Amino acid sequence: MSNKTHILVISQYFYPEQFRINDICSEWVRRGYEVTVVTGMPNYPQGKFYEGYGYFKKRRENYNGVEIIRLPIIPRGHSSVMMALNYLSFIVSGFFWAKLTSLKADKVFTYEVSPMTQALVGIWYAKRRDIPSVLYVTDLWPENVQYAGGINNTKILNLIGSMVDYIYRKTGLILTSSKSFISAIKARGVPNHKIKFWPQYAEDFYMPIEQSVSLSDIPKDGRLNLLFAGNIGKSQGLEVLPKAAKRLKDRGILVRFNIVGDGRFKETLMRLVDSMDVSDCFNFIDRQPAAKIPEYMSVCDVTLITLAKNEIFRMTLPAKLPSCLACGVPVIVCADGEIQQVIQESDAGFCCDAGDYEALAGIIEQVSKTPDETLKELGRNARRYFESHFEKQKLLNQIDVIFAKAGHTNV
């Protein structure tokens, strides 16, 4: 019998989907934990199962010493109905798994990026085994459903709110990826001692890279190169970019928005770019392995973080923030709230409000005229702030202590 602490991780998304939980679990194995992940079949963000995966294929895998159990789910597709079925199928499969599995873990850790519904699987398992349950909230519900999902039906929101209250009540400890989430969770009646801020870190491959030659994907031709890398969805508010590009083109400012990634909004964004006659200002690059993104950052002048304008994103620190800071590249943020506070405190770049394409164009024009040495200093500030606030080993040491102290679910 193993003396290792066995952590059961509930995460609807896991390798080969690109989420930070992949690295967290790998690090826990290296730190001596036994780790099992209960997840779905990979289908994010394309909306269909990855090649080689299916209802009867690759249901059990091992990734960097992490045992993976894949539940049968409906792929998310490209409609709200399919996404709802995707969420529902995971908790239905998870309910039967939690009730019937013979797996014996010591602690449950739920990695909650939307949907919050997946946390029910961890609650059911922890209750059955009477073991501690930790919930990591990176997407706040029901606020995310209302503000990002556009659902305003009171009955639906109340039903979701009741589910969230149940999850919070049955969870021993709630970790949050932003400080702003804490007050929202406390407002639901959760006692302060059950909530702790634990920011997201960046993987080790996010670091400054000295790049003396161009990537073939990104020309070095005198244009200011800006990089957006990640999911291309409605939540990112990327429609601001062609509008800003139009302003810059009219002023004769030579820029290139390098968009690396995939997502449900990509085709719409490409149509917007064409309709506004700014195709020469955009360079669309297919989704890349996360470990390759620092190379793209190294040949760009600045990196971009954009979010749509709504209340939930004011409270959000997106996962890509520590990654950008870690690479030591100046950051332009077009988003509201807490993320602006980080950029201002770190002196790592420039900020404007979400959706403000005039202000964004003004910032980019300013950057185009900023001396290289000044931009390099902003990049060094970014890296220093990352090392103080988002460095991986420091945060993993904190989670070791958190696991040692985690309480049980029946609180």
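A: A residue counts as buried when its relative accessible area is under 20%, and as exposed when that area is over 50%. The model is predicted. Thr-138 has a relative accessibility of 7%, so Thr-138 counts as buried. Its place in the chain is the loop that runs between strand E6 (133-137) and helix H4 (143-148). Setting aside residues up to four places away in sequence, Thr-138 touches Glu-112, Val-113, Ser-177, Phe-181 and Gln-200. With Glu-112 there is also a polar pair: a polar atom of the Thr-138 side chain lies 2.7 Å from the backbone oxygen of Glu-112.

Gly-52 lies between strand E2 (34-40) and strand E3 (60-63). The relative accessibility of Gly-52 is 30%, so Gly-52 counts as partly exposed. Apart from neighbours within four places in sequence, Gly-52 is in contact with Lys-57 and Lys-58. Pro-42 is ten residues from Gly-52 along the chain, and the C-alpha atoms of the two are separated by 10.0 Å.

Helix H15 covers residues 392-405 and spans 20 Å from first C-alpha to last. Its buried residues are Lys-392, Leu-395, Leu-396, Ile-399, Ile-402 and Phe-403. These residues lie on the same side of H15 because they cover an arc of only 110° around the axis. Ala-404 and Lys-405, on the other side of H15, are exposed. At the start of H15, the backbone nitrogen of Gln-393 has a side-chain oxygen of Glu-391 within 3.2 Å.

Notes
Residues are numbered from 1 along each chain as its sequence is written. This is a predicted model: local features need pLDDT of at least 70, side-chain atom pairs count only at pLDDT 80 or more; totals for chains, interfaces and linings use all residues. Side-chain values use heavy atoms; hydrogens and water are left out. Helices (H or I, at least four residues) and strands (E, at least two) are DSSP runs, numbered from the N terminus. Buried means under 20% relative accessible area, exposed over 50%, partly exposed in between (1.4 Å probe, protein chains only). A polar contact is a pair of N or O atoms within 3.5 Å; within protein, one must be able to donate a hydrogen and the other to accept it, and residues adjacent in sequence count only if both atoms are side-chain atoms. Contact means heavy atoms within 4.5 Å. The expected span of a helix is 1.5 Å times one less than its number of residues. The arc is that of the directions from the helix axis to the C-beta atoms.
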